[in-house]
Structure formats: C-alpha cells, structure tokens
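Please look through the structure shown here before reading on. The briefing that follows takes up the sheet, the surroundings of the ligands and a few single residues in turn.

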Amino acid sequence: MTIVIGLTGGIASGKSTVSTMLKEIGYTVIDADVESRLAVEKGEPAYFEIIAHFGEELLQEDGSIDRLKLGGIIFNNEAERLKLNSIVHPAVRKRMNDKKEAALQRNEALVILDIPLLFESKLSYMVDYTVLVYVNEQTQLQRLMERNQFSAEEAEARIQSQMPLKDKLQLADYIIDNNGTLEETKVQLNNFINEWK
Ligand SMILES: CC(C)(COP(=O)(O)OP(=O)(O)OC[C@H]1O[C@@H](n2cnc3c(N)ncnc32)[C@H](O)[C@@H]1O)[C@@H](O)C(=O)NCCC(=O)NCCS
Ligand SMILES: Nc1ncnc2c1ncn2[C@@H]1O[C@H](COP(=O)(O)OP(=O)(O)OP(=O)(O)O)[C@@H](O)[C@H]1O
C-alpha cells in the first residue's frame, strides 16, 4: 500500500529543500509549483484565460507570461490573486492527481505531494498525512528576501497572502523545523521517514 504524504509550508520555508532531499533518497515528489508552471505555458487553456483576464501587457516578447509581473499584481491584490487561483488551480489539481495515480499504480511505498497552499486550498483529502516544513517569521522573511532579491515590502506581501505558518502548526500531522542547519533538517526528515516507511 502506498502512503501519500502532503508536504507543505509557506513561501521560502524550505519545501523545495526538503523535497530535494526526498528525491535524492529516491521517492517520487510531485511539485505543485512545477505543475502550475506547466499549466500556464503558452498554448495551455489556463494561459489563454490569464491573458483574457489580465491582458496582453502581461506577456514577454516570446509570448510567455511574465511571472514577476503577474506576481506583482496578485500579491498586492487579493481579488486578483483569487481570480488567478480559480484559473490555475483546477488544472494543477488535475495534473497532480494524474501523477499521483501513476505512482499508486507503480505501488511505491511513499509518494510526496509538495503543495504550498495545501491548507489554504483545503486539499488534505488528496493525501494520507500532512508534513509541515516550518520556520519562524524572521527566518522566512530573511530567506525570501535573500533568495528572490525582494525588498522587505515585496516579501511581506507574499507572506501575508498565505495562512501564517504558526497556524499551520496546528493543522499538520508532522512538523519539520527548518530554522536550523540543513544537516539538522535532514536528521528530522530521516526520523520521519523511519517512522512511516
Ligand atoms: C504568481 C506567479 C505567476 C508567480 O510566479 P513565480 O515563478 O514568481 O513563483 P512560483 O510559482 O515559483 O511560486 C513561489 C511561491 O509563491 C507562493 N505562491 C504562489 N502562488 C500563490 C498564490 N496564489 N497564493 C499564495 N501564495 C502563492 C507559493 O509559496 C509558491 O511556492 C505564480 O506563483 C502563479 O501562477 N501562482 C498561481 C498558482 C498557484 O497558486 N501556485 C502555487 C501552488 S499551486
Ligand atoms: N536550513 C536552511 N538553512 C539555510 N538556508 C536554507 C535552509 N533551508 C532552506 N534554505 C534556503 O532558503 C530559501 C528557501 O528555501 P526553499 O526554496 O527550499 O523554500 P520553498 O518553501 O520551496 O519556497 P517556495 O514556496 O517559494 O517554493 C532557499 O534559498 C534555500 O536555499
């Protein structure tokens, strides 16, 4: 029987870092951010819906969506963020479900769904257990500013569009504290895997 794990967190809390560690061990990780990028590629239904709503000014020279520009709009306007979600999320859910089904067919012991908005979008039903990659507010802000070269204001806007990580602590089945070193995170991840595999 395959156990399906929902890996979640907040922006820049370390989900990709943990999912890379899981991939290195050999587990299948299905990443909502990757699927959401594929779902809005030139020619996809969601691509045309985005242009219809947000306008052609959003396009880069090669016709692809300017993600930085779109981020600048939706992380500063809640109604626009919800509109984008309503366009992109159904396609992402379908893509993830198809990949999950394929992994179940292969009878793998653990399959990981990396979903940043797992709790916000009430997607716990898609998984057996939820794992939260947690950092405190200060670490989250610092790492996001550094990684994306964002100002404090740009980073705050993105963080505030999500459920606070401390609220997610109450909802998760298992917590990985990623405030420390990568080595410390790896130890916690190994403990988790040994418990569930
Ligand atoms: C706004 C977009 C174009 C910005 O693209 P960009 O390449 O800069 O960021 P990326 O997609 O890698 O997302 C980075 C992180 O931002 C956060 N985030 C992304 N979209 C959202 C959203 N709608 N609401 C809250 N947080 C979000 C997540 O933590 C995600 O891990 C893009 O995030 C997008 O299309 N978002 C809508 C789809 C979505 O909700 N994706 C998240 C998981 S399905
Ligand atoms: N334990 C750690 N120590 C130091 N830096 C870390 C640690 N974990 C992650 N980072 C760094 O913090 C940043 C955010 O991590 P990561 O990209 O894994 O987050 P994420 O949750 O996947 O983000 P997003 O939601 O935006 O996709 C990256 O630059 C990463 O290298």
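Helices (H or I, at least four residues) and strands (E, at least two) are DSSP runs, numbered from the N terminus. This is a predicted model, in which local features need pLDDT of at least 70 and side-chain atom pairs count only at pLDDT 80 or more, while totals for chains, interfaces and linings use all residues. Residues are numbered from 1 along each chain as its sequence is written, and chains are lettered from A and ligands numbered from 1 in the order in which they are written.

**The sheet**

- Five strands, in the order S2-S3-S1-S4-S5, make up an open sheet with parallel pairing, where two strands pair if DSSP finds at least two bridges between them.
- At the edges lie strand S2 (28-31) and strand S5 (174-177), each of which pairs on one side only.
- S2 is joined by four bridges to strand S3 (residues 110-114), and the two run parallel; here threonine 28 stands opposite valine 111 in S3.
- Strand S1 (residues 3-8) pairs with S4 in the parallel sense over four bridges, and leucine 7 stands opposite valine 131 in S4.
- S4 is also joined to S5 by four bridges, again running parallel, and the bridge partner of valine 131 in S5 is tyrosine 174.

**Around ligand 1**

- Ligand 1 is surrounded by 18 residues, the closest being Ile11, Ala32, Arg67, Gly71 and Pro116; a residue is near a molecule if its C-beta atom, placed from the backbone, lies within 6 Å of it.
- Two or more residues of this shell come from each of helix H2 (32-39), helix H4 (67-74) and helix H5 (78-105), and H5 gives the largest share, five residues.
- The shell around ligand 1 divides into 10 nonpolar, five polar and three charged residues, where Ala, Val, Leu, Ile, Met, Phe, Trp, Tyr, Cys and Pro count as nonpolar, Asp, Glu, Lys and Arg as charged, and the others, Gly among them, as polar.

**Around ligand 2**

- Ligand 2 is surrounded by 16 residues, of which the closest are Lys15, Ser16, Thr17, Arg143 and Arg147.
- Helix H1 (15-25), H6 and helix H9 (182-196) each give two or more residues to this shell, with the largest share, three residues, coming from H1.
- The shell around ligand 2 divides into four nonpolar, eight polar and four charged residues.

**Single residues**

- An unreviewed UniProt entry places the feature "binding site" at Ala12, Ser13, Gly14, Lys15, Ser16 and Thr17; UniProt positions are given in the numbering used here, feature names are shortened, and annotations may be inferred rather than shown by experiment.
- Lysine 15 is placed in helix H1, and it counts as buried because it has 26 C-beta neighbours inside 10 Å.
- Alanine 12 is in the loop between S1 and H1 and is buried, with 25 other C-beta atoms within 10 Å.
- Most residues other than glycine have a negative phi. Alanine 12, however, has a positive phi near 60°.
- Glutamine 149, in the loop between H6 and helix H7 (152-160), has a positive phi of about 55° although it is not a glycine, and it is exposed because 9 other C-beta atoms lie within 10 Å.

Technical notes:
A residue is buried if 20 or more other C-beta atoms lie within 10 Å of its own, exposed if 12 or fewer, and partly exposed in between; C-beta atoms are placed from the backbone.
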